[in-house]
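The sequence and structure are shown first.

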Amino acid sequence: MKVMILAHESPGDFALRDNKEKFDSYMGEWYAYSGAMKDAGVMLDGAALEPPSTATVVSVRNGVRKVDDGPFPDTKEQLGGFFIIDAPDMETAVEWASKCPAAKTGFVDVRAIPDYGQDG
């Protein structure tokens with residue numbers, strides 16, 4: 001089953017990305033995590049995302065498009081990256097998610113990707 005692991009990072013975690021002294025140790029955890037998934041043969045794809053301040057939020061209500069800068073302000077943790085893995089079951093996916101560095105200070109959302117029989 002294909003599963004998406006969504007890593008929601010704290011504001012402090014995002015700040016570490018810009019800290020030259022701490023960047024290597026912070027990102028080293030992420031590189032080790034993705035490397036372990038690659039070595040296990042479960043990782044299909046993944047990427048870090050730019051900070052929440054670069055986000056654009058789009059909604060359409062009653063046919064009117066609304067575009068806002070940045071994430072919704074009512075949450076502290078913001079989506080920082082994702083991984084798509086191929087796991088035999090949800091328990092295995094949850095096990096991989098529990099090893100995600102974001103689980104220590106933010107949270108990790110684990111969702112199965114449904115197969116609707118469409119290509120792409």
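In this predicted model, strand 1 and strand 6 run antiparallel to each other and are joined over 6 bridges. Met4 has Arg111 in strand 6 as its bridge partner.

The pair belongs to an open sheet of 4 strands, arranged in the order 2-5-1-6 with antiparallel pairing. Strand 2 (43-48) and strand 6 (107-112) lie at the edges and have a single partner strand each, so one side of each is left without a neighbour in the sheet. On average, neighbouring strands of this sheet are turned by 15 degrees against each other, direction ignored. Helix 3 packs on the sheet, where strand 1, strand 5 and strand 6 are touched by this helix. The direction of helix 3 makes about 155 degrees with that of strand 6.

In soluble globular proteins, nonpolar side chains tend to be buried together. Here the largest nonpolar core has 18 residues. Ile5, Trp30, Tyr33, Met37, Phe83, Ile85 and Trp96 have the most contacts inside this core. The elements below each supply at least two residues of the core.

| Element | Residue range |
|---|---|
| Strand 1 | 2-9 |
| Helix 2 | 23-40 |
| Strand 5 | 78-86 |
| Helix 3 | 90-98 |

Helix 2 gives the largest share of this core, 5 residues.

Which residues does Ile5 touch, not counting residues up to four places away in sequence? Ile5 touches Tyr33, Met37, Gly81, Phe82, Phe83, Ile85, Ala93, Trp96, Ala97, Val108 and Asp109.

Technical notes
Residues are numbered from 1 along each chain as its sequence is written. This is a predicted model: local features need pLDDT of at least 70, side-chain atom pairs count only at pLDDT 80 or more; totals for chains, interfaces and linings use all residues. Side-chain values use heavy atoms; hydrogens and water are left out. A nonpolar core is a set of buried Ala, Val, Leu, Ile, Met, Phe, Trp, Tyr and Cys residues joined through side-chain atoms within 4.5 Å. Buried means under 20% relative accessible area, exposed over 50%, partly exposed in between (1.4 Å probe, protein chains only). Contact means heavy atoms within 4.5 Å. Two strands pair if DSSP finds at least two bridges between them. Axes are lines fitted to C-alpha atoms, for helices over the stretch in contact, and angles run from 0 to 180 degrees between N-to-C directions.
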